[in-house]
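Reader: Please take a close look at one part of this model. I want the place around the ligand and the strands and helix that go with it.

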Amino acid sequence: MTTAIEVSNLTKTYGDFRAVDGISFSVEEGEVLAILGPNGAGKSTTVEVLEGHRVRDSGRVEVLGVDPGTGDRRFRDRIGIVLQSAGVDTEFTVREVLELYGFAYSRRRGVDELLALVELEEKADERVASLSGGQQRRIDLALGLIGDPELIFLDEPTTGFDPAARRRSWDLISNLTSLGRTVVLTTHYLDEAEHLADRVLVLAGGRIVAEGTPAELRASADASTTIRFDLPTVDAPLSGLLDPLSGTVTGRDRAVEIVTSAPTADLAHITAWAIDVGIELGGLSVASRDLESVYLQLVAESGADS
Ligand SMILES: Nc1ncnc2c1ncn2[C@@H]1O[C@H](COP(=O)(O)OP(=O)(O)OP(=O)(O)O)[C@@H](O)[C@H]1O
Ligand SMILES: [Mg+2]
């Protein structure tokens with residue numbers, strides 16, 4: 001595999017505030033790296049340094065074999081960028097904006113193809129100002145893809161998208177990687193990272209607090225499972241249900257939640273008890289840790305979320 005991005009000991013300060021505090025990582029060609037982290041973690045700063053939009057203080061950065069700090073037009077021709085807040089000129093029509101920005105690239109996708117990719121065909125001849133927030137964000141996404149780049153930086157690309165549009169944009173991004181493109185994205189949507197990312201980097205307070213595939217991150221956290229159900233009114237004493245459980249039980253009204261590291265045994269006991277006393281457990285569910293809860297734990301442990 002070829003390395004698309006190599007970062008070592010990158011730091012960036014604003015005044016005397018260290019926004020990025022000595023981080024190192026790499027991204028392989030064809031990979032999707034998702035950078036997660038709370039507001040102010042340094043995600044955009046990192047991505048902007050890689051794009052050549054921000055000057056770093058120190059560290060070594062190589063993007064497509066080039067130092068983005070000295071990257072020229074040929075370098076910019078090979079990368080696509082969706083900034084966190086792009087701010088295109090809203091007086092132009094959608095089509096005009098796409099045509100205008102296309103001139104910056106030597107190789108470019110056709111405007112109609114782009115409009116179809118981000119599902120804005122019907123808005124092509126309307127002014128950008130008249131589009132909804134999510135529709136304007138789709139223009140930003142189109143602008144990131146316009147030069148058919150080898151490497152695409154997406155800084156919170158789907159913020160403001162409705163759920164269906166977000167899912168369709170995932171397909172779009174997956175298609176890019178199946179064509180061998182490399183993607184670096186930031187997101188606050190854990191399901192987005194789970195769905196798209198080959199690897200995840202969790203930043204907090206300008207440092208990397210965790211790194212790995214979504215599966216590796218889930219496995220590294222404590223592997224508790226949550227069992228939930230609603231308990232109907234029963235005559236039988238609840239001690240028969242609760243005492244043998246190995247997990248931690250919490251309850252409000254009739255809703256019971258059990259967090260356990262022995263889900264198989266606890267679930268067997270719960271269902272056996274319910275059958276025995278002849279009741280149906282409403283809304284019974286069993287959920288293993290998802291990336292979101294692992295992420296929240298990682299960030300809380302880093303102490304950098306406040
Ligand atoms: N131009 C700037 N001047 C001064 N401080 C800045 C500047 N840009 C960012 N910062 C600070 O650097 C830190 C990191 O900002 P950054 O935009 O990289 O965070 P982020 O992880 O992208 O957050 P978000 O999730 O809110 O987009 C923040 O504390 C921010 O206030
Ligand atoms: Mg940001």
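Author: What follows goes from the ligand shell to the helix and then to the sheet. This is a predicted model, where local features need pLDDT of at least 70, side-chain atom pairs count only at pLDDT 80 or more, and totals for chains, interfaces and linings use all residues. Residues are numbered from 1 along each chain as its sequence is written, while chains are lettered from A and ligands numbered from 1 in the order in which they are written.

Start with the shell. Ligand 1 is surrounded by residues including Tyr-14, Ala-19, Asn-39, Lys-43, Ser-44, Thr-45 and Gln-84 (near means a C-beta atom, placed from the backbone, within 6 Å). By class, the shell has three nonpolar, seven polar and one charged residues. Here Ala, Val, Leu, Ile, Met, Phe, Trp, Tyr, Cys and Pro count as nonpolar, Asp, Glu, Lys and Arg as charged, and the others, Gly among them, as polar.

Now the helix. α1 (residues 43-51) gives the most to this shell, with three residues. Helices (H or I, at least four residues) and strands (E, at least two) are DSSP runs, numbered from the N terminus. α1 lies across β1, β2 and β4, at about 120° to β1. Contact means C-beta atoms, placed from the backbone, within 7 Å. Axes are lines fitted to C-alpha atoms, for helices over the stretch in contact, and angles run from 0 to 180 degrees between N-to-C directions.

Last, the sheet. It is open, with three strands in the order β2-β1-β4 and antiparallel pairing (at least two DSSP bridges between two strands). β2 (17-28) and β4 (58-63) stand at the edges with a single partner strand each, so one side of each is left without a neighbour in the sheet. Neighbouring strands are turned by 15° against each other on average, direction ignored. β1 (residues 3-14) and β4 pair over five bridges. Ser-8 has Arg-60 as its bridge partner in β4.

Terms used: Contact = placed C-beta atoms within 7 Å.
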